[in-house]
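Let's take a walk through this structure together, starting with its chains and ending in its core. Keep the viewer open as you read.

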Amino acid sequence: MLVIGELINSSRKAIAQAIEQRDKDYLQNLALRQADAGADYIDVNAAAASNEIESMIWLVDLIQEVTNKPLCIDSPSPAALEAGLARCNKSAMINSISAEKDRWERVLPLIQKYKPKVVALCMDDSGMPETAEQRIRVADVLVGGLVAAGVSEDDIYLDPLVKPLGVNHEFGMEILLSTYALTHKYPRVHVVSGLSNVSYGMPERRLLNRAYMVMGIAMGMDAFILDPLDQTIMSTLAASRALAGQDEYCMDYIAGVRSGKVKA
Amino acid sequence: MSNLLAEIQEAVINGQAPKVKELTQAGLDAGQTPQEILNEGLIPAMKIVGEKFQKGEFYISEMMISARAMYAGLNLVKPLLIAQKTESKGKAIVGTVQGDLHDIGKNLVCMMMEGGGYEVIDLGVNITSEQFLEAVKEHSPDFVMMSALLTTTMESMAKVIQVLADNGLRDKVLIGIGGAPVTQRFADSIGADFYASDAGEAVSKANSLLLER
(Lines give C-alpha, C1' and ligand atoms only; values in the text may rest on other atoms or scores of the structure.)
Protein backbone atom coordinates (compact mmCIF):
# COMPACT_ATOMS: atom_id res chain seq x y z
CA MET A 1 0.00 0.00 0.00
CA LEU A 2 1.28 3.39 -0.95
CA VAL A 3 0.03 6.76 0.29
CA ILE A 4 0.70 9.94 -1.67
CA GLY A 5 0.10 13.03 0.47
CA GLU A 6 -1.96 15.38 -1.69
CA LEU A 7 -1.86 18.65 0.21
CA ILE A 8 0.88 20.58 -1.62
CA ASN A 9 -1.24 21.14 -4.69
CA SER A 10 -1.60 24.58 -6.23
CA SER A 11 -5.22 23.95 -7.21
CA ARG A 12 -5.94 24.49 -3.50
CA LYS A 13 -6.29 28.21 -2.85
CA ALA A 14 -4.16 28.29 0.32
CA ILE A 15 -1.30 26.55 -1.49
CA ALA A 16 -1.47 28.79 -4.55
CA GLN A 17 -1.26 31.77 -2.20
CA ALA A 18 1.64 30.28 -0.22
CA ILE A 19 3.52 29.68 -3.48
CA GLU A 20 2.90 33.22 -4.73
CA GLN A 21 4.03 34.70 -1.41
CA ARG A 22 6.97 32.29 -1.19
CA ASP A 23 5.77 31.19 2.27
CA LYS A 24 8.44 28.58 2.81
CA ASP A 25 7.67 27.85 6.49
CA TYR A 26 4.05 27.05 5.81
CA LEU A 27 4.87 24.66 2.97
CA GLN A 28 7.74 22.95 4.78
CA ASN A 29 5.50 22.43 7.78
CA LEU A 30 2.85 20.88 5.55
CA ALA A 31 5.41 18.52 4.00
CA LEU A 32 6.70 17.49 7.40
CA ARG A 33 3.27 16.89 8.87
CA GLN A 34 2.27 14.71 5.91
CA ALA A 35 5.46 12.68 6.25
CA ASP A 36 4.87 12.22 10.00
CA ALA A 37 1.27 11.19 9.37
CA GLY A 38 2.39 8.31 7.16
CA ALA A 39 2.60 9.61 3.60
CA ASP A 40 5.03 7.50 1.55
CA TYR A 41 5.33 10.16 -1.16
CA ILE A 42 4.71 13.91 -0.99
CA ASP A 43 2.82 15.24 -4.01
CA VAL A 44 4.18 18.47 -5.50
CA ASN A 45 1.93 20.38 -7.89
CA ALA A 46 2.58 23.95 -9.02
CA ALA A 47 0.41 23.87 -12.15
CA ALA A 48 -1.83 26.75 -11.08
CA ALA A 49 1.08 28.99 -10.02
CA SER A 50 2.00 31.93 -12.25
CA ASN A 51 5.44 30.53 -13.07
CA GLU A 52 5.04 26.78 -12.86
CA ILE A 53 8.59 25.67 -13.60
CA GLU A 54 10.26 28.10 -11.25
CA SER A 55 7.70 27.32 -8.54
CA MET A 56 8.14 23.57 -9.02
CA ILE A 57 11.91 23.82 -8.52
CA TRP A 58 11.45 26.03 -5.47
CA LEU A 59 8.94 23.57 -3.95
CA VAL A 60 11.07 20.48 -4.59
CA ASP A 61 14.07 22.13 -2.95
CA LEU A 62 12.24 23.33 0.13
CA ILE A 63 10.50 20.02 0.73
CA GLN A 64 13.73 18.06 0.42
CA GLU A 65 15.27 20.31 3.05
CA VAL A 66 12.88 18.99 5.70
CA THR A 67 12.03 15.41 4.77
CA ASN A 68 13.63 12.34 3.23
CA LYS A 69 10.35 11.14 1.78
CA PRO A 70 10.39 10.82 -1.98
CA LEU A 71 8.29 13.21 -4.04
CA CYS A 72 5.50 12.74 -6.51
CA ILE A 73 6.07 15.34 -9.24
CA ASP A 74 2.60 16.27 -10.45
CA SER A 75 1.87 18.32 -13.56
CA PRO A 76 0.08 18.15 -16.91
CA SER A 77 3.14 19.88 -18.40
CA PRO A 78 6.13 17.74 -19.49
CA ALA A 79 8.47 20.72 -18.99
CA ALA A 80 7.40 21.12 -15.36
CA LEU A 81 7.71 17.35 -14.80
CA GLU A 82 11.28 17.46 -16.06
CA ALA A 83 12.16 20.52 -13.97
CA GLY A 84 10.91 18.74 -10.84
CA LEU A 85 12.47 15.36 -11.65
CA ALA A 86 15.87 16.89 -12.36
CA ARG A 87 15.82 18.45 -8.92
CA CYS A 88 14.88 15.34 -6.91
CA ASN A 89 17.72 13.86 -4.92
CA LYS A 90 16.20 10.40 -4.88
CA SER A 91 13.99 8.29 -7.10
CA ALA A 92 10.64 10.01 -7.44
CA MET A 93 7.20 9.34 -8.85
CA ILE A 94 5.52 11.24 -11.65
CA ASN A 95 1.88 12.07 -12.12
CA SER A 96 1.35 11.46 -14.96
CA ILE A 97 1.64 9.89 -18.35
CA SER A 98 -1.34 8.80 -20.45
CA ALA A 99 -1.89 7.14 -23.82
CA GLU A 100 -2.68 10.52 -25.41
CA LYS A 101 -0.20 10.64 -28.26
CA ASP A 102 1.38 14.00 -27.51
CA ARG A 103 1.67 13.39 -23.79
CA TRP A 104 3.04 9.89 -24.30
CA GLU A 105 5.74 11.07 -26.68
CA ARG A 106 6.86 13.92 -24.45
CA VAL A 107 6.72 12.20 -21.04
CA LEU A 108 8.17 8.78 -21.96
CA PRO A 109 11.73 10.13 -22.50
CA LEU A 110 11.60 11.63 -18.98
CA ILE A 111 10.62 8.25 -17.56
CA GLN A 112 13.53 6.58 -19.36
CA LYS A 113 15.95 9.24 -18.17
CA TYR A 114 14.92 9.59 -14.51
CA LYS A 115 13.39 6.13 -13.84
CA PRO A 116 10.60 7.29 -11.55
CA LYS A 117 7.55 5.35 -10.48
CA VAL A 118 4.82 6.26 -12.95
CA VAL A 119 1.17 7.16 -12.55
CA ALA A 120 -0.42 6.20 -15.89
CA LEU A 121 -3.89 7.56 -16.63
CA CYS A 122 -6.19 5.13 -18.45
CA MET A 123 -7.13 7.60 -21.17
CA ASP A 124 -6.12 8.14 -24.78
CA ASP A 125 -6.97 10.60 -27.53
CA SER A 126 -10.49 9.18 -27.79
CA GLY A 127 -11.34 10.70 -24.40
CA MET A 128 -12.18 9.78 -20.85
CA PRO A 129 -12.93 6.06 -20.48
CA GLU A 130 -16.56 5.03 -20.07
CA THR A 131 -16.35 1.31 -19.36
CA ALA A 132 -14.06 -1.27 -17.78
CA GLU A 133 -13.36 -2.62 -21.29
CA GLN A 134 -12.13 0.77 -22.49
CA ARG A 135 -9.90 1.15 -19.44
CA ILE A 136 -8.38 -2.27 -20.03
CA ARG A 137 -7.81 -1.51 -23.68
CA VAL A 138 -5.92 1.69 -22.77
CA ALA A 139 -4.12 -0.08 -19.90
CA ASP A 140 -2.87 -2.69 -22.40
CA VAL A 141 -1.32 0.09 -24.47
CA LEU A 142 0.18 1.80 -21.40
CA VAL A 143 1.59 -1.30 -19.70
CA GLY A 144 2.81 -2.76 -22.98
CA GLY A 145 4.47 0.50 -24.00
CA LEU A 146 6.03 1.23 -20.62
CA VAL A 147 7.41 -2.29 -20.21
CA ALA A 148 8.80 -2.16 -23.74
CA ALA A 149 10.49 1.12 -22.77
CA GLY A 150 12.19 -0.62 -19.86
CA VAL A 151 9.86 0.25 -16.97
CA SER A 152 9.32 -2.49 -14.40
CA GLU A 153 5.65 -3.51 -13.95
CA ASP A 154 6.11 -2.88 -10.24
CA ASP A 155 6.80 0.80 -10.96
CA ILE A 156 3.55 1.31 -12.89
CA TYR A 157 0.52 2.77 -11.12
CA LEU A 158 -2.57 2.68 -13.34
CA ASP A 159 -5.14 5.34 -12.56
CA PRO A 160 -8.53 4.12 -13.81
CA LEU A 161 -9.90 7.70 -13.57
CA VAL A 162 -12.86 7.80 -11.27
CA LYS A 163 -15.66 10.17 -12.23
CA PRO A 164 -18.11 12.02 -9.98
CA LEU A 165 -20.84 9.83 -8.57
CA GLY A 166 -23.15 12.84 -8.46
CA VAL A 167 -23.24 12.92 -12.25
CA ASN A 168 -24.12 9.26 -12.68
CA HIS A 169 -24.92 6.83 -9.90
CA GLU A 170 -23.28 3.98 -11.83
CA PHE A 171 -19.83 5.59 -11.83
CA GLY A 172 -18.99 3.98 -8.49
CA MET A 173 -19.43 0.41 -9.68
CA GLU A 174 -17.84 1.26 -13.01
CA ILE A 175 -14.56 2.16 -11.33
CA LEU A 176 -14.68 -0.76 -8.90
CA LEU A 177 -15.23 -3.30 -11.67
CA SER A 178 -12.45 -1.65 -13.69
CA THR A 179 -10.08 -1.93 -10.75
CA TYR A 180 -10.93 -5.58 -10.26
CA ALA A 181 -10.34 -6.33 -13.93
CA LEU A 182 -7.04 -4.39 -14.03
CA THR A 183 -5.59 -6.02 -10.91
CA HIS A 184 -6.45 -9.46 -12.23
CA LYS A 185 -5.05 -8.88 -15.66
CA TYR A 186 -1.87 -7.25 -14.33
CA PRO A 187 -1.14 -8.65 -10.87
CA ARG A 188 2.26 -6.92 -10.59
CA VAL A 189 1.02 -3.52 -11.73
CA HIS A 190 -0.52 -1.20 -9.12
CA VAL A 191 -3.83 0.63 -9.23
CA VAL A 192 -3.91 4.16 -7.84
CA SER A 193 -6.74 6.59 -7.29
CA GLY A 194 -7.33 10.04 -5.94
CA LEU A 195 -10.18 10.04 -3.46
CA SER A 196 -11.81 13.36 -4.01
CA ASN A 197 -13.13 13.18 -7.59
CA VAL A 198 -15.72 10.56 -6.73
CA SER A 199 -17.51 12.89 -4.32
CA TYR A 200 -17.41 16.06 -6.43
CA GLY A 201 -20.65 18.00 -6.09
CA MET A 202 -21.97 15.83 -3.24
CA PRO A 203 -22.54 16.65 0.43
CA GLU A 204 -20.36 15.18 3.22
CA ARG A 205 -17.63 14.38 0.72
CA ARG A 206 -15.19 12.83 3.16
CA LEU A 207 -17.72 10.14 3.96
CA LEU A 208 -18.03 9.13 0.30
CA ASN A 209 -14.25 9.32 -0.18
CA ARG A 210 -13.76 6.98 2.76
CA ALA A 211 -16.31 4.44 1.56
CA TYR A 212 -14.82 4.57 -1.94
CA MET A 213 -11.34 3.88 -0.57
CA VAL A 214 -12.52 0.85 1.42
CA MET A 215 -14.37 -0.61 -1.56
CA GLY A 216 -11.41 0.16 -3.83
CA ILE A 217 -9.01 -1.69 -1.55
CA ALA A 218 -11.34 -4.69 -1.58
CA MET A 219 -11.12 -4.66 -5.39
CA GLY A 220 -7.33 -4.36 -5.44
CA MET A 221 -6.47 -0.66 -5.35
CA ASP A 222 -3.17 -0.35 -3.53
CA ALA A 223 -2.18 3.29 -3.79
CA PHE A 224 -4.07 6.46 -2.92
CA ILE A 225 -3.61 10.16 -3.36
CA LEU A 226 -5.18 11.51 -0.19
CA ASP A 227 -4.96 13.85 2.79
CA PRO A 228 -2.80 11.98 5.30
CA LEU A 229 -3.59 14.54 8.01
CA ASP A 230 -7.13 13.18 8.07
CA GLN A 231 -6.78 10.69 10.90
CA THR A 232 -10.08 9.01 10.11
CA ILE A 233 -9.03 8.19 6.57
CA MET A 234 -5.58 6.97 7.66
CA SER A 235 -7.13 4.79 10.39
CA THR A 236 -9.66 3.40 7.92
CA LEU A 237 -6.80 2.67 5.52
CA ALA A 238 -4.89 0.72 8.17
CA ALA A 239 -8.00 -1.30 9.03
CA SER A 240 -8.80 -1.96 5.36
CA ARG A 241 -5.26 -3.14 4.62
CA ALA A 242 -5.52 -5.61 7.49
CA LEU A 243 -8.89 -6.85 6.27
CA ALA A 244 -7.61 -7.19 2.71
CA GLY A 245 -4.82 -9.47 3.89
CA GLN A 246 -2.05 -6.97 3.18
CA ASP A 247 -0.83 -6.61 6.76
CA GLU A 248 0.89 -9.73 8.05
CA TYR A 249 -0.38 -10.70 11.49
CA CYS A 250 -2.03 -7.25 11.49
CA MET A 251 1.23 -5.86 12.86
CA ASP A 252 0.98 -2.42 11.22
CA TYR A 253 -2.57 -2.04 12.42
CA ILE A 254 -1.62 -2.90 15.98
CA ALA A 255 1.47 -0.71 15.91
CA GLY A 256 -0.66 2.14 14.55
CA VAL A 257 -3.12 1.74 17.40
CA ARG A 258 -0.33 1.62 20.02
CA SER A 259 1.23 4.81 18.66
CA GLY A 260 -2.13 6.56 18.75
CA LYS A 261 -2.22 7.13 15.00
CA VAL A 262 -4.90 4.54 14.29
CA LYS A 263 -8.13 5.26 16.09
CA ALA A 264 -11.74 4.10 15.88
CA MET B 1 -50.78 30.11 -15.15
CA SER B 2 -52.85 26.97 -15.44
CA ASN B 3 -52.75 24.44 -12.69
CA LEU B 4 -51.24 21.93 -15.10
CA LEU B 5 -48.22 24.08 -15.91
CA ALA B 6 -47.63 24.63 -12.20
CA GLU B 7 -47.77 20.88 -11.73
CA ILE B 8 -45.29 20.33 -14.55
CA GLN B 9 -42.93 22.80 -12.92
CA GLU B 10 -43.22 21.12 -9.57
CA ALA B 11 -42.66 17.66 -11.06
CA VAL B 12 -39.52 18.85 -12.92
CA ILE B 13 -38.12 20.43 -9.77
CA ASN B 14 -38.85 17.22 -7.87
CA GLY B 15 -37.17 15.15 -10.59
CA GLN B 16 -40.26 13.04 -11.44
CA ALA B 17 -39.71 12.04 -15.08
CA PRO B 18 -42.76 9.74 -15.53
CA LYS B 19 -45.03 12.36 -13.99
CA VAL B 20 -43.67 15.13 -16.24
CA LYS B 21 -44.24 12.94 -19.27
CA GLU B 22 -47.78 12.15 -18.20
CA LEU B 23 -48.63 15.79 -17.40
CA THR B 24 -47.11 17.03 -20.65
CA GLN B 25 -49.16 14.52 -22.65
CA ALA B 26 -52.27 15.47 -20.70
CA GLY B 27 -51.59 19.13 -21.43
CA LEU B 28 -51.14 18.54 -25.16
CA ASP B 29 -54.31 16.41 -25.25
CA ALA B 30 -56.23 19.19 -23.51
CA GLY B 31 -55.13 21.71 -26.13
CA GLN B 32 -52.21 23.39 -24.43
CA THR B 33 -49.63 24.49 -27.03
CA PRO B 34 -46.12 23.04 -27.00
CA GLN B 35 -44.81 26.61 -26.62
CA GLU B 36 -46.80 27.09 -23.43
CA ILE B 37 -45.56 23.82 -21.98
CA LEU B 38 -41.99 24.68 -22.84
CA ASN B 39 -41.94 28.36 -21.93
CA GLU B 40 -44.25 28.30 -18.91
CA GLY B 41 -43.60 24.79 -17.62
CA LEU B 42 -40.26 23.21 -18.40
CA ILE B 43 -38.00 26.26 -18.81
CA PRO B 44 -39.04 28.16 -15.68
CA ALA B 45 -38.71 24.95 -13.68
CA MET B 46 -35.13 24.44 -14.89
CA LYS B 47 -34.44 28.09 -14.14
CA ILE B 48 -35.41 27.47 -10.54
CA VAL B 49 -33.31 24.30 -10.48
CA GLY B 50 -30.30 26.21 -11.87
CA GLU B 51 -30.71 28.92 -9.25
CA LYS B 52 -30.95 26.39 -6.45
CA PHE B 53 -27.79 24.70 -7.75
CA GLN B 54 -25.96 28.02 -7.91
CA LYS B 55 -26.94 28.82 -4.34
CA GLY B 56 -25.78 25.41 -3.18
CA GLU B 57 -29.29 24.33 -2.21
CA PHE B 58 -29.27 21.60 -4.86
CA TYR B 59 -26.50 19.07 -5.42
CA ILE B 60 -25.43 17.93 -8.89
CA SER B 61 -27.46 14.73 -8.58
CA GLU B 62 -30.60 16.73 -7.90
CA MET B 63 -29.94 18.90 -10.93
CA MET B 64 -29.37 15.77 -13.04
CA ILE B 65 -32.62 14.09 -11.99
CA SER B 66 -34.53 17.34 -12.68
CA ALA B 67 -32.92 17.49 -16.12
CA ARG B 68 -34.00 13.92 -16.81
CA ALA B 69 -37.54 14.92 -15.86
CA MET B 70 -37.33 18.02 -18.07
CA TYR B 71 -36.22 15.89 -21.04
CA ALA B 72 -39.19 13.56 -20.47
CA GLY B 73 -41.42 16.53 -21.30
CA LEU B 74 -39.13 18.13 -23.86
CA ASN B 75 -38.97 14.94 -25.91
CA LEU B 76 -42.75 15.13 -26.35
CA VAL B 77 -42.96 18.80 -27.31
CA LYS B 78 -39.78 19.06 -29.36
CA PRO B 79 -41.05 17.21 -32.48
CA LEU B 80 -44.16 19.43 -32.43
CA LEU B 81 -42.06 22.60 -32.21
CA ILE B 82 -39.84 21.43 -35.03
CA ALA B 83 -42.89 20.57 -37.16
CA GLN B 84 -44.16 24.13 -36.59
CA LYS B 85 -40.70 25.52 -37.39
CA THR B 86 -40.68 27.41 -34.10
CA GLU B 87 -37.51 29.39 -33.52
CA SER B 88 -35.61 28.69 -30.32
CA LYS B 89 -34.67 31.70 -28.24
CA GLY B 90 -31.05 31.32 -29.23
CA LYS B 91 -28.44 28.94 -30.45
CA ALA B 92 -25.24 27.87 -28.68
CA ILE B 93 -22.32 25.78 -29.79
CA VAL B 94 -20.54 24.14 -26.88
CA GLY B 95 -17.26 22.26 -26.71
CA THR B 96 -14.23 21.34 -24.62
CA VAL B 97 -11.12 22.89 -26.15
CA GLN B 98 -8.22 21.20 -27.91
CA GLY B 99 -6.00 18.94 -25.82
CA ASP B 100 -8.66 18.55 -23.15
CA LEU B 101 -10.89 15.49 -22.93
CA HIS B 102 -13.00 16.42 -19.92
CA ASP B 103 -16.69 16.33 -20.70
CA ILE B 104 -18.64 16.45 -17.45
CA GLY B 105 -18.82 20.23 -17.01
CA LYS B 106 -19.42 20.71 -20.72
CA ASN B 107 -22.29 18.20 -20.62
CA LEU B 108 -23.87 19.96 -17.64
CA VAL B 109 -23.76 23.25 -19.55
CA CYS B 110 -25.37 21.63 -22.63
CA MET B 111 -28.10 20.17 -20.48
CA MET B 112 -28.87 23.40 -18.63
CA MET B 113 -28.75 25.51 -21.79
CA GLU B 114 -31.22 23.14 -23.42
CA GLY B 115 -33.36 23.36 -20.30
CA GLY B 116 -33.09 27.13 -20.65
CA GLY B 117 -34.79 26.99 -24.04
CA TYR B 118 -31.70 27.22 -26.23
CA GLU B 119 -30.86 25.13 -29.23
CA VAL B 120 -27.58 23.46 -28.33
CA ILE B 121 -24.97 22.05 -30.68
CA ASP B 122 -22.58 19.90 -28.67
CA LEU B 123 -19.29 19.69 -30.54
CA GLY B 124 -17.78 17.27 -27.99
CA VAL B 125 -14.25 17.28 -26.52
CA ASN B 126 -10.78 18.11 -27.87
CA ILE B 127 -12.21 20.66 -30.31
CA THR B 128 -9.65 22.65 -32.29
CA SER B 129 -10.00 26.34 -33.08
CA GLU B 130 -10.60 25.37 -36.71
CA GLN B 131 -13.48 23.12 -35.66
CA PHE B 132 -15.00 25.93 -33.60
CA LEU B 133 -14.59 28.23 -36.60
CA GLU B 134 -16.26 25.76 -38.97
CA ALA B 135 -19.13 25.27 -36.52
CA VAL B 136 -19.65 29.04 -36.23
CA LYS B 137 -19.73 29.32 -40.03
CA GLU B 138 -22.13 26.42 -40.37
CA HIS B 139 -24.57 27.20 -37.54
CA SER B 140 -24.34 31.01 -37.04
CA PRO B 141 -24.86 30.62 -33.29
CA ASP B 142 -25.56 33.34 -30.76
CA PHE B 143 -23.11 31.80 -28.32
CA VAL B 144 -19.80 29.99 -28.44
CA MET B 145 -19.21 28.29 -25.08
CA MET B 146 -15.89 26.69 -24.23
CA SER B 147 -14.80 24.47 -21.37
CA ALA B 148 -11.31 23.51 -20.13
CA LEU B 149 -10.28 21.62 -17.03
CA LEU B 150 -6.53 21.90 -17.34
CA THR B 151 -4.22 24.85 -16.81
CA THR B 152 -2.37 23.70 -19.93
CA THR B 153 -5.44 23.76 -22.19
CA MET B 154 -7.01 27.03 -21.02
CA GLU B 155 -4.78 28.87 -23.45
CA SER B 156 -6.57 27.16 -26.36
CA MET B 157 -9.57 29.35 -25.53
CA ALA B 158 -7.60 32.47 -26.45
CA LYS B 159 -6.66 30.80 -29.71
CA VAL B 160 -10.30 30.13 -30.62
CA ILE B 161 -11.17 33.78 -29.99
CA GLN B 162 -8.21 34.86 -32.12
CA VAL B 163 -9.19 32.58 -35.00
CA LEU B 164 -12.78 33.87 -34.91
CA ALA B 165 -11.43 37.44 -34.97
CA ASP B 166 -9.11 36.67 -37.88
CA ASN B 167 -12.12 35.46 -39.83
CA GLY B 168 -14.27 38.47 -39.00
CA LEU B 169 -16.67 36.44 -36.86
CA ARG B 170 -15.66 37.53 -33.35
CA ASP B 171 -18.40 40.16 -33.08
CA LYS B 172 -21.11 37.90 -34.47
CA VAL B 173 -21.09 35.70 -31.36
CA LEU B 174 -21.06 36.00 -27.59
CA ILE B 175 -18.25 33.94 -26.11
CA GLY B 176 -18.56 32.28 -22.72
CA ILE B 177 -15.95 30.19 -20.93
CA GLY B 178 -15.75 28.02 -17.83
CA GLY B 179 -14.01 25.11 -16.13
CA ALA B 180 -12.12 24.48 -12.89
CA PRO B 181 -8.98 26.59 -13.55
CA VAL B 182 -10.86 29.36 -15.40
CA THR B 183 -11.56 32.65 -13.64
CA GLN B 184 -13.26 35.96 -14.41
CA ARG B 185 -9.81 37.51 -14.59
CA PHE B 186 -8.71 34.98 -17.20
CA ALA B 187 -11.91 35.58 -19.18
CA ASP B 188 -11.18 39.33 -19.17
CA SER B 189 -7.56 38.75 -20.18
CA ILE B 190 -8.47 36.79 -23.31
CA GLY B 191 -11.43 38.99 -24.23
CA ALA B 192 -14.27 36.54 -23.64
CA ASP B 193 -17.73 38.04 -23.19
CA PHE B 194 -18.52 36.13 -20.04
CA TYR B 195 -17.33 33.62 -17.49
CA ALA B 196 -19.59 31.24 -15.58
CA SER B 197 -18.57 29.32 -12.49
CA ASP B 198 -21.21 26.63 -13.01
CA ALA B 199 -23.86 25.41 -15.46
CA GLY B 200 -26.64 27.37 -13.78
CA GLU B 201 -24.70 30.60 -14.05
CA ALA B 202 -23.89 29.86 -17.70
CA VAL B 203 -27.61 29.99 -18.49
CA SER B 204 -28.38 33.08 -16.41
CA LYS B 205 -25.48 35.01 -17.92
CA ALA B 206 -26.44 33.88 -21.43
CA ASN B 207 -29.97 35.11 -20.77
CA SER B 208 -28.92 38.55 -19.60
CA LEU B 209 -26.42 39.03 -22.41
CA LEU B 210 -29.03 38.08 -24.98
CA LEU B 211 -31.39 40.71 -23.53
CA GLU B 212 -28.69 43.40 -23.71
CA ARG B 213 -27.86 42.64 -27.29
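What share of the 213 residues in chain B do buried residues make up? Buried residues come to 48% of them, where a residue is buried if 20 or more other C-beta atoms, placed from the backbone, lie within 10 Å of its own, exposed if 12 or fewer, and partly exposed in between. Before going further, please note that this is a predicted model, in which local features need pLDDT of at least 70 and side-chain atom pairs count only at pLDDT 80 or more, while totals for chains, interfaces and linings use all residues. Residues are numbered from 1 along each chain as its sequence is written, and chains are lettered from A and ligands numbered from 1 in the order in which they are written.

Let's stay with chain B. Its secondary structure consists of nine helices and five strands; helices (H or I, at least four residues) and strands (E, at least two) are DSSP runs, numbered from the N terminus. Read from the N terminus, the elements follow the order α-α-α-α-β-α-β-α-β-α-β-α-β-α. The C-alpha trace of chain B spans about 50 × 35 × 30 Å along its principal axes.

Chain B is assigned domain 1 (3–83) and domain 2 (91–212), with bounds that come from an automatic or database domain assignment. The centres of these two domains of chain B, taken over C-alpha atoms, are 25 Å apart. Eleven residues from domain 1 of chain B and ten residues from domain 2 of chain B take part in the contact, two residues being in contact if their C-beta atoms, placed from the backbone, lie within 7 Å. On the domain 1 side of chain B, α3 (34–54) and α4 each give two or more residues, and α3(B) gives the most, with nine residues.

Now look at how helices pack. In chain B, helix α1 (residues 3–13) and α4(B) have axes 7 Å apart and pack at an angle of about 140 degrees, which makes α1(B) oblique to α4(B). Here B:Ile8, B:Ala11, B:Val12 and B:Ile13 of α1(B) meet B:Ser66, B:Ala69, B:Met70 and B:Gly73 of α4(B). Axes are lines fitted to C-alpha atoms, for helices over the stretch in contact, and angles run from 0 to 180 degrees between N-to-C directions. Angles under 35 degrees count as roughly parallel, over 145 as roughly antiparallel, 65 to 115 as roughly perpendicular and the rest as oblique.

Chain A has ten helices and eight strands, and buried residues make up 45% of its 264 residues. Helix α4 (residues 78–87) and helix α5 (residues 101–114) of chain A cross at roughly 10 degrees, their axes coming within 9 Å; they are therefore roughly parallel to each other.

Finally, the largest nonpolar core has 144 residues. Such a core is a set of buried Ala, Val, Leu, Ile, Met, Phe, Trp, Tyr and Cys residues joined through C-beta atoms within 7 Å. Its largest share, nine residues, comes from helix α4 (residues 60–83) of chain B.
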